[in-house]
Amino acid sequence: MNPEPRLVGIQPWFPGFLGRWGWLTEAIPAERMAALRIVTAIIVIADILFSYLPDFATLFSPAGLGGRDLYPWRFQDGQYFWSIIRWLPDSWGPGALMAVWLGSAVALLVGWRPFVSGLVVWACGVSVWNINPGLHNGGDRMRNTLLLAVAVSCSASVWGVSSVRRSGDQRPVFVPGWPAKILIVQLAVLYFFGGWYKVISPAWRSGYVMYFASHDLAWSMTPSQSSSLPVGIHMLSAWVTVAWELGFPVLVMMRGTRPATLCLGVLFHLVTFFTLEVGCFALYSLAAYVVFVPWERYFGTGGSEFATVVRTPSPLSIQK
Amino acid sequence: MLTPSSLARRALAVGVGMFALWQLFFLLAANLMNCVPRRPGPGDLNPPRHGFQEYGSFTDVEPVQRTADIAGNVLDVWAELSGQEQGWKMFVPGIPPYSLFTAVEFRFPDGEVVQIRSEFEPTDLRNPPVRPPLVRNRRYNFEAQFTLPGWYSCPESLALQPVMWSQDLPKAIRDQHLQIVAWMKWRLSQYLATHPDRCSPSEVVLLYRFIPSPLPGEPHDWTQPVTERPYARWLPFVTSESGYLPVEAYDPIANQYVRFPVEGTR
């Protein structure tokens, strides 16, 4: 018989029927959010090391493609964009922010004060995004949502220097599940609305979009290799993409179709990462998939059977 | 009886619950709101915030439209504060049957013209090489903001929608003039670093280069004739005292450059 699970974190209060809605209130094994934290931190570190730092002087210098005044309209009255870089001197501000970003990402990786380090990583990411949106794409907007969810998710309850197991408690650990639900909803709206705009496009319905994407020398990173595929494969990939994106919100909610839906998503993002100039969009999207993997079965203390039965208790019974 | 500590804990639980609900609502509502035509505010017009929001009106019933405008503005505030702008339109409405690259042309006072092509344009169009993911993606994104406004502006589209292109391309250039100047200055500094004997050019032209893609059934190379067209021009010696921006847009319908007054441009 399994020991009673331990619930960690602030259990949220939801009004009315929302408080009885299992999907929203259920707790999830802490290993899932810990894995999300670790994978997200690794991708942020890779992003900093491989996409920002090699061109740092160019990307953040007023003499290059950066500077605080490159997108001044974002910071005018009536807008709510912000960037810490604008509050720091040009001479050392961007460098200091990048150092803090890298340091806090390492702290997040090892699980040291995950709420604070997560918020710092998020604030640095938003600052970099806002000071120069031209360097970024939709993947970086996904990054911001991902980091916000990681910061508030009690993600270091296990597998980190702040782990509750360091005190010797070996009970299965559960954390509030709503941050994971935010990521699932983010993925669902990302795919569904992306699919919607595609399905109303004649070019996508014809199926030739992926043919021309793979032959576009700017967007395709493997034009010679991709262009050798039969036209039918390109057309099929376009139609499958649209159907999968439109169906994702429903297919991922049904237990029977969830594994295939997620596997197709992983394949989609891996293929686009290596063949199209989508940058970190593929990686940050893939990071959100981590919450679907039952890590607790492989590396936990056998608490996965509680995953569907543990519900958020009264706010007054918080254990940590 | 509730102690101060249990009251604080309950307040925290309520706060976390409200935040969770707001985040869930925001993600759904912000994406839906992109499809609802809204009247732009002053900050949305000059330049536009992003290309995801439908602008306009969806009803003549003023209170309904005003409610939608206000709701959209509230969602925008959180999107901007939290860095979570929504809108997902990758490769929509489609990919044209050509690749579009930028190039810069330095025109020197002595009449010499030097063209520098995009670092992403392959030199071998019969067998373009593989590019590694991630490593130059930030620079790619920066350059792509200049090709996206004219991605579909091939000669056939110009002939079909001349009024639209004659208005939209200059507007995009006016909105992006700071980034265009930064990019052209950066390209110029790279060139001058390797050619220290050269003086500054009298004008720098940002060109579009259209490279036709092979159609299905054709040989897999990109050797059909390349079409070039000016997109914008930077005049390094023009100062704001002239009353005009140092960047001019090329109107591909009138085949002439368009100047922008400094006044009214942000």
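The following legends describe close-up views of a predicted model with chains A and B.

In this predicted model, local features need pLDDT of at least 70 and side-chain atom pairs count only at pLDDT 80 or more, whereas totals for chains, interfaces and linings use all residues. Residues are numbered from 1 along each chain as its sequence is written, chains are lettered from A and ligands numbered from 1 in the order in which they are written, and side-chain values use heavy atoms, with hydrogens and water left out.

**Figure 1. The interface of chain B and chain A.** The contact (heavy atoms within 4.5 Å) takes 83 residues from chain B and 91 residues from chain A. The buried area, defined as the accessible area (1.4 Å probe) that two parts lose on being put together, summed over both, is about 7,700 Å², and carbon and sulfur atoms give 67% of this area. B:Trp88, B:Leu134 and B:Arg138 supply 12% of the area that chain B buries against chain A, more than any other three residues.

Figure 2. Between chain B and chain A, 34 residue pairs are in polar contact, both residues being at pLDDT 80 or more. Helices and strands are DSSP runs (H or I, at least four residues, for helices; E, at least two, for strands), numbered from the N terminus. Helix H1 (4–33), H3, E1, helix H4 (137–147) and helix H7 (177–194) of chain B each supply at least two residues of the side of chain B that touches chain A. H1(B) gives the most to this side, with 18 residues. A salt bridge is a side-chain nitrogen of Lys or Arg within 4 Å of a carboxyl oxygen of Asp or Glu. Five salt bridges are found across the interface of chain B and chain A. B:Arg139 pairs with A:Asp55 in a salt bridge, with the closest N and O atoms 2.6 Å apart.

Figure 3. B:Ser82 is found in helix H3 of chain B. B:Ser82 counts as buried, at 0% relative accessibility; buried means under 20% relative accessible area, exposed over 50%, and partly exposed in between (1.4 Å probe, protein chains only). The side chain of B:Ser82 reaches the backbone oxygen of B:Trp78 at 2.6 Å. Not counting residues up to four places away in sequence, B:Ser82 touches A:Trp122, A:Val126, A:Asn144 and A:Leu148.

**Figure 4. A:Lys181 and helix H7 of chain A.** Helix H7 (residues 178–199) of chain A contains A:Lys181. H7(A) has 22 residues and reaches 31 Å from its first C-alpha to its last, close to the 32 Å expected at 1.5 Å a residue; the expected span is 1.5 Å times one less than the number of residues. Of the 22 residues of H7(A), 19 are buried, so this helix is largely enclosed by the rest of the structure. A:Lys181 itself counts as buried, at 5% relative accessibility. Leaving aside neighbours within four places in sequence, A:Lys181 is in contact with A:Trp23, A:Glu26 and B:Leu24.

Figure 5. Most residues other than glycine have a negative phi, and most peptide bonds are trans. The peptide bond from B:Val92 to B:Pro93 is cis, with omega near 10°. B:Pro93 lies in the loop between helix H3 (62–82) and strand E1 (98–107) of chain B. B:Phe91 is also placed in the loop between H3 and E1 of chain B, and its phi is near 60°, a positive value. B:Phe91 counts as buried, at 8% relative accessibility. In chain A, the phi of A:Cys154 is near 50°, likewise positive. A:Cys154 lies in the loop between helix H6 (138–151) and strand E3 (173–176) and is partly exposed, with a relative accessible area of 23%.

**Figure 6. Salt bridges within chain B.** The side chains of B:Glu112 and B:Arg198 meet in a salt bridge (2.0 Å, N to O). B:Glu112 lies in the loop between E1 and strand E2 (113–117) of chain B and B:Arg198 in the loop between H7 and strand E3 (203–212), so the pair ties together parts that are 86 residues apart in sequence. B:Glu112 is partly exposed at 36% relative accessibility, whereas B:Arg198 is buried at 18%. A network of salt bridges links B:Glu105, B:Arg107, B:Glu203, B:Arg233 and B:Glu248.

Methods: Polar contact = N/O pair within 3.5 Å; in protein donor to acceptor, adjacent residues only side chain to side chain.
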